[in-house]
Amino acid sequence: MLNRSGVNQGAAPVTYGQGERAPRGDYASAASDYTCDQNWSAYSAQEHELYRRLYERQASQLAGLACDEFIAAVSQLGEPAHIPHFDELSEKLYRATRWQVVAAPGLIPEEAFFALLAQRKFPVTGWLRKPDEFDYIVEPDVFHDLFGHVPLLFNPLFADYMQAYGVGGLKSSRLDACELLARLYWHTVEFGLIATPRGVRAYGAGILSSAGELRYSVSSSEPSRIAFDVQRIMRTRYKIDSYQATYFVIDSFEQLFEATAPDFTPIYRAVRELPEIEAGAVLPNERLIAADPAVG
């Protein structure tokens with residue numbers, strides 16, 4: 001349930017992306033800020049083994065597809081023999097960038113999410129996908145959140161960007177602009193690509209935690225790869241239950257931080273006066289970035 005205060009009312013939140021499945025998770029057990037206990041002892045041996053298989057498959061694909069910053073930090077998650085204890089992981093993360101991970105029942109409303117990010121707390125879904133979802137899952141689970149999101153929080157620049165995003169998000173909720181900011185998050189933090197001297201590489205968590213989309217996003221000729229532009233991103237719709245038809249490519253994390261630092265109020269105003277753009281559409285004179293043929 002989406003509520004402006006972001007206070008848990010015991011129901012899953014509304015999502016903006018287009019999909020056909022409601023979020024799962026035990027929202028009734030979460031606190032008012034949507035955080036909950038990890039309940040690590042409740043994970044079964046089968047779940048730990050599934051996590052290990054997911055981790056090892058994904059880690060084996062990172063070379064040549066993931067950005068260097070992610071590859072350098074992923075080992076901070078520890079050995080993949082079992083799902084990490086969030087409190088132990090938080091100790092390492094706090095020493096590095098003063099961030100922490102906290103457990104959540106799943107997707108949470110914008111204001112609750114923004115508030116946690118503003119406090120340098122990243123909500124990680126407590127439950128793990130089922131074995132028949134090994135290759136693809138629609139919504140975030142503990143593997144997606146840990147493997148996809150947490151490593152880059154060890155990077156000081158990206159960690160600061162995430163906190164700034166949370167602060168900006170709290171302001172966007174007062175300006176009725178949450179959907180526009182959600183698109184920015186989706187097209188950067190979840191499904192962003194970065195240009196490097198060796199070609200495009202993935203830094204978005206949704207890509208990095210997906211076995212199929214990691215290679216597809218970097219090397220396939222099917223999707224559009226468009227140079228990063230905040231207004232363009234805020235106009236662009238997306239789907240949550242398929243590979244992306246459009247990816248946006250940053251030149252550096254510095255560019256991402258600097259482009260999103262200014263007050264978005266005039267940008268929101270300008271975007272509302274322009275038509276939305278469907279996923280996959282390419283506008284005239286847009287700068288497109290080619291797939292990386294070296295990994296095709």
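Which residues are buried in α4? In this predicted model, local features are reported at pLDDT of at least 70 and side-chain atom pairs at pLDDT 80 or more, while totals for chains, interfaces and linings use all residues. Residues are numbered from 1 along each chain as its sequence is written, and side-chain values use heavy atoms, with hydrogens and water left out.

View 1. The buried residues of α4 are Glu110, Glu111, Ala112, Phe113, Phe114, Leu116, Leu117 and Ala118, where buried means under 20% relative accessible area, exposed over 50% and partly exposed in between, computed with a 1.4 Å probe on protein chains only. Because 8 of the 9 residues of this helix (residues 110–118) are buried, α4 is largely enclosed by the rest of the structure. The elements that cover these buried residues include β1 (100–104), β2 (121–125), α6 (156–174) and α7 (178–190), with contact taken as heavy atoms within 4.5 Å. Helices (H or I, at least four residues) and strands (E, at least two) are DSSP runs, numbered from the N terminus. Just after α4, Arg120 adopts a positive phi of about 60°.

View 2. Strands β1 and β2 pair in the parallel sense over 5 bridges, pairing being assigned if DSSP finds at least two bridges between two strands; Gln100 has Lys121 in β2 as its bridge partner. The chain crosses from β1 through α4 to β2 in a right-handed β-α-β crossover, meaning that, with the strands pointing away from the viewer, the path from the first strand over the helix to the second runs clockwise. In β2, 4 of the 5 residues are buried, so this strand is largely enclosed by the rest of the structure.

**View 3. One face of helix α12.** In α12 (residues 265–272), the buried residues are Ile267, Tyr268 and Val271. Seen down the helix axis, the buried residues of α12 fall within an arc of 100°, so they line one face of the helix; the arc is that of the directions from the helix axis to the C-beta atoms. Among the elements covering them are α6, α7 and α10 (230–235).

**View 4. Confidence along the chain.** The protein has a mean pLDDT of 90, and 91% of its residues reach 70 or more, pLDDT being the predictor's confidence in each residue, from 0 to 100. Over residues 1–5 the pLDDT is below 50, and this stretch has 18 contacts in the model beyond near neighbours in sequence. Where pLDDT is low, the predicted coordinates should not be read in detail.
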